[in-house]
Amino acid sequence: MGKTSVILYVSLCLIFLMLLSHAPKKPSTHRRLKLRSNFNFNNPHPHHDSIPFDPVVTQIERRLEDRRWEHHYITHSHPDAANDTHSATTEAPGHESQPEWEDFVEAEDYLNDEEKFNVTSRLQQLFPKIDVAPVDGYVTENELTEWNLKQAEKEVLHRTQREMDVHDKNHDGFISFSEYDPPSWAANSDASSLEHDMGWWKEEHFNASDADGDGLLDITEFNDFLHPADSKNPDLLKWLCKEEVRERDTDKDGKVNFEEFFHGLFDLVRNYDEEAHNTSHPSEDSTDAPAKVLFAKLDKNNDGFLSDEELLPIIEKLHPSEHYYAKQQADYIISQADGDKDGKLSLEEMVENPYVFYSAIFTEEEEEEYDHDEFR
C-alpha cells in the first residue's frame, strides 16, 4: 500500500507538471520605455506632443534634444554662436565624444533597468507631489492638469532660454528687434511661401510682445513672443486676432465674411469644443446652421463681417494654450486608470496602471505591437 501511494503521488505530480507546462503563460506586463526624438527643427507649427509625466524622463529627453538642437541649429544656422550656447547644452549625455545614438541607447537602458528606474517606485514618489490641493489621498483632474501644465511650462521656458542665448548678441539679457533673426525655415523660404507665415516674425509681432514698451524683450516677453497662445498680454492676443484675419481674408478686404469663417475658423472652434468636452462622436452636422449661429453671436455690430476685435472671444480655441493640452492629457489618464469611476485616482489605481502615465513615450505602432503580443 505504501509503495502504491508513492507511485500514485509521483504520477499526480508528473501530470500536474505537464499541465502546468502546457498552460497558457501570463504575458509579461513590462513594456520597454523608449525615448522620443521627434522635436522638429524645420516645421514652424509642429503637432503638439505630450510632455512626459515623469520629470526624470523629461530631463533625459531634454538633454538629448539639446544635443540635437546644438548640432542642427548652431552648426547649420549660427556657427558663430556655438560658444555662446555652450552653457545651455553642456549637460547633454556624452556631449564630448559619443554619437547621438549611443546617448539614446544608454538613456533607454537606464529607463528599462528596474533597479535604477522602477516605474512603480516612481509613481509612489510622485503621488504626494501631485496630491496637493487638497492632500486627501486622491489625485483629481485639476491636480493632474496642474502637474502636467507645470511640466510643460518648464519645457517651454527651457526652449525659450535656449533660443534667447542665440539671439541675445550683446549678452545683456534682452533681445532687440534688430538682434532677432527669423528662423531658418523663414529665411530660406521664397517670398510666395512666406505670405502665410512671415507675419509671425514681423516688427508688429515683436512690438505686441513688448509689454513694457521699452523696445526690448526680456525672457518673459520673449517667451510670449515665441508662444503667444499662452500669453496673458492683451496686445499680443489682439495681434493674434489680426493674424487670423490676415490669414483667412481671401478677398483682402481686411475682415472675415461668413464664407471665410465657415471654411476655416469654424472647424477649429468645433473641434476644440468637441475635444474639450470629450465628445467621442464628432458632430455630423455638415450644414452651415451652427456656424451661422456662432458668426451672428460674434458679429457685435451686425455688419455681416468679423473684425479682429470680434474674433477675440474665440482666439483661445483657434490657438489652444498649454493648459488645454495639459487638461486633455489629464482627462485621458484618468479615463484609463480610474478603475472605480469616481473621477479621481488613488495611489493603488496609479500603480495598477503604470504605463498609462508613461504613454507619452510610446508611439501608436509600439502600442499596437504590444497589444498584439499580449493576446497572441
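Let's start with the second largest pocket, at about 600 Å³. A pocket here is an open set of points on a 1 Å grid over the protein atoms alone, where a 1.4 Å probe fits, with protein on both sides within 12 Å along at least five of seven lines. Its volume is the space filled by probe spheres set on the points, which are joined across faces, edges and corners.

The lining has 29 residues, and closest to the centre are Ala229, Asp230, Ser321, Glu322 and His323. Lining means an atom within 4 Å of a point.

A word on the model. It is predicted, with local features needing pLDDT of at least 70 and side-chain atom pairs pLDDT 80 or more, while totals for chains, interfaces and linings use all residues. Residues are numbered from 1 along each chain, and side-chain values use heavy atoms, without hydrogens and water.

Which helix gives the largest share of the lining? That is α15, with six residues. Helices are DSSP runs of H or I, at least four residues, numbered from the N terminus. α6 (141-167) and α10 (219-226) each supply at least two lining residues.

Now those two helices. α6 and α10 pack at about 105°, axes 10 Å apart. Axes are lines fitted to C-alpha atoms over the stretch in contact, and angles run from 0 to 180 degrees between N-to-C directions. So the pair is roughly perpendicular, the label for 65 to 115 degrees. Among the contact residues are Val156 and Leu157 of α6, and Ile219 and Phe222 of α10. Contact means heavy atoms within 4.5 Å.

Overall, the protein has 18 helices and zero strands. Of its 376 residues, 39% are buried, meaning under 20% relative accessible area with a 1.4 Å probe, protein chains only.

Conventions
Angles under 35 degrees count as roughly parallel, over 145 as roughly antiparallel, 65 to 115 as roughly perpendicular and the rest as oblique. Buried means under 20% relative accessible area, exposed over 50%, partly exposed in between (1.4 Å probe, protein chains only).
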